[in-house]
Structure formats: structure tokens, C-alpha cells
Amino acid sequence: MLGGYVDTDLTVALRIDNGSETGREAVRLSQEISLVCPVLFQLNSQGTIHVSVFQGRFPAETIDEVRQIVKGFSRTIVARMQERLFLRPNGNIFWNLEHNVAIAALHKECLKVLRPMTGGRLMKQFSDILGAGASEKNSQLIKKWGFLLADDEFLPHVTLCRLSDLTDQAFTEQIKVQPVDLGLHDLILGEIDYSGNIVKVI
């Protein structure tokens, strides 16, 4: 342990203000889904709603430096949310952002600077995917970048919830999404759990 930390799974993320139009809509969508479909987790107005731009397992001796680097990455970004939801193979429901050059550039910058600082470590959820027999493409992504939605596969999004039953997909496709723009200016470093939820901002 160094500076109060051990090797930790972290995300670099753009935080969405819970009281903003986008934050309120994200919570509304998550709760609407959970009222009809069994979910493993959902958003609430007290959680940290965010758009991840990088994830990784960092050794203790790098974390203070990572915090300083992330502060230097901070910038204001204006983006727009898509008007539909997207179901991932693992049951996660994504509310994706429209393509945004500034967020894509921030992601690339994080890959270049932060991935080497992980020392090749993998978060458990991704080592589990490898152990379960990932496709060649996914295996290459995980081994190179440490997570799946990286580099050319980067997909900025808010995870609204995770379905317990994938047969509920038809319902999620019918949900009406309010079109919203958002201003992202608060870049944070957060400790994440196995599902990618931020449990603590550090």
C-alpha cells in the first residue's frame, strides 16, 4: 500500500451533473426500465452518472500521479445524446452519445498516457472474459488496452442498468428518449466495481 491505496480498478470519466437535464433523463430512463424489467443494477439521483473515457487497474505507486495527469486532461466538451437506447450482449443498456471528436481525442490521449501506467494489469471482469473464451477480436482489445470498448471500438455512453433477462430487449427498444444536449466539464477519476459503477471519486 502507498498513499492509502492498493492496486485499484479506476475509470477516467466525464461526470454528468445529476440535476442537469441529461442527469434527470438518465435516472428517469433507468427507473422506467427497472419498473418493468428485472435489473441487476440501476441509476439513482445520488449515484455518480458518468461517461467513461478510460478504464484500468493501476498499481498503488502510480495512483497519485494518475490523479495529477487526469487533472491536466480536464476540458469543456459539448455533446449530444442519441435518441435511442442500445442493449449490449451482457445485458447492459447504454444511452450512447453522438460521435464527438473532442471525446474521441480525449480517449486516445488516455490510452497513450495511462495504459502503460497499468503495467499490463487487467480488471477482473476482463480477465474473466478472457478466461471464458473471448473472440479473437475481443481478446486482442483486452490484452492491448485492458478493456473492450477501446481505440476504434470506443463507444462513449451512460450505462443505465443491466437486465437480468435478455428477452426483455423488445421493451427497451420501445422506450422514448428525450433529446438532450449536455456540457461536460468535470473530468474525474473514480474507483469502479465489477459492473463499472463508480463507488468512490478519488
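In this predicted model, His157 counts as buried, at 12% relative accessibility. The residue has its place in strand β7, which covers residues 157-163. Apart from residues up to four places away in sequence, His157 touches His50, Val51, Ser52, Phe94, Trp95, Asn96, Leu97 and Leu149. His157 and Ile93 are 64 residues apart in sequence, and their C-alpha atoms are 9.5 Å apart in space.

**The nonpolar core**

The largest nonpolar core has 58 residues, and those with the most contacts inside it are Trp95, Val158 and Leu160. Helix α3, residues 101-114, gives the most to this core, with five residues. For Val158, setting aside neighbours within four places in sequence, the contacts are Ile16, Ala26, Leu43, Ile49, His50, Val51, Met81, Ile93, Phe94 and Trp95.

**Cysteines**

How many disulfides does the structure hold? The number is zero. A disulfide is a covalent bond between the sulfur atoms of two cysteines. The sulfur of Cys37 has its closest cysteine sulfur in Cys161, but the two are 7.8 Å apart, so the distance is too far for a bond.

**Helix pairs**

Two packed helices are described by the angle between their axes and the distance between the axes. Values for two pairs follow.

| Helix pair | Angle between axes | Distance between axes | Crossing |
|---|---|---|---|
| α2 and α3 | about 155° | 12 Å | right-handed |
| α4 and α5 | about 145° | 10 Å | left-handed |

Helix α2 covers residues 63-73. Its angle with α3 is about 155°, which makes α2 roughly antiparallel to α3. On the α2 side, Val66, Ile69 and Phe73 take part, and they meet Leu106, Glu109, Cys110, Val113 and Leu114 in α3.

Helix α4 covers residues 124-131 and packs with α5. Their contact is made by Phe126, Ile129 and Leu130 of α4 together with Ser139, Ile142 and Lys143 of α5.

**Two buried strand residues**

Gln55 lies in strand β3, residues 50-58. Is Gln55 buried or exposed? Gln55 is buried, because its relative accessible area is 14% and the cut-off for buried is under 20%. Leaving aside neighbours within four places in sequence, Gln55 is in contact with Leu10, Thr11, Met123, Phe126, Phe147 and Ile192. Among these, Phe126 also belongs to the α4 side of the contact between α4 and α5.

Ile188 is found in strand β9, residues 186-192, and is buried, with a relative accessible area of 4%. Not counting residues up to four places away in sequence, Ile188 touches Thr11, Val12, Ala13, Arg15, Thr48, Val70, Ile198 and Val201. Thr11 is named for Gln55 too. Ile188 and Ser74 are 114 residues apart in sequence, while their C-alpha atoms are 8.5 Å apart in space.

**Two partly exposed loop residues**

Asp151 is found in the loop between α5 (136-145) and β7. Asp151 is partly exposed, with a relative accessible area of 21%. Most residues other than glycine have a negative phi, and most peptide bonds are trans. Phi of Asp151, however, is positive, near 60°.

Where is Arg121 placed? Arg121 is in the loop between α3 and α4. Arg121 is partly exposed, and its relative accessible area is 30%. Apart from neighbours within four places in sequence, Arg121 is in contact with Asp7, Arg57, Pro59 and Arg115. The C-alpha atoms of Arg121 and Gly47 are separated by 27 Å, and these two residues are 74 residues apart along the chain.

Definitions and conventions
Residues numbered from 1 in each chain as written. Predicted model: local features only at pLDDT ≥ 70, side-chain atom pairs only at ≥ 80, totals over all residues. Heavy atoms only, no water. Helix = DSSP H or I, 4+ residues; strand = E, 2+ residues; numbered from the N terminus. Buried < 20%, exposed > 50% of the residue type's maximum accessible area, 1.4 Å probe, protein only. Contact = heavy atoms within 4.5 Å. Core = buried A, V, L, I, M, F, W, Y, C linked by side-chain atoms within 4.5 Å. Disulfide = S-S within 2.5 Å. Axes fitted to C-alpha atoms, helices over the stretch in contact; angles between N-to-C directions. Parallel < 35°, antiparallel > 145°, perpendicular 65-115°, else oblique. Left-handed = near helix turned anticlockwise from the far one by under 90°.
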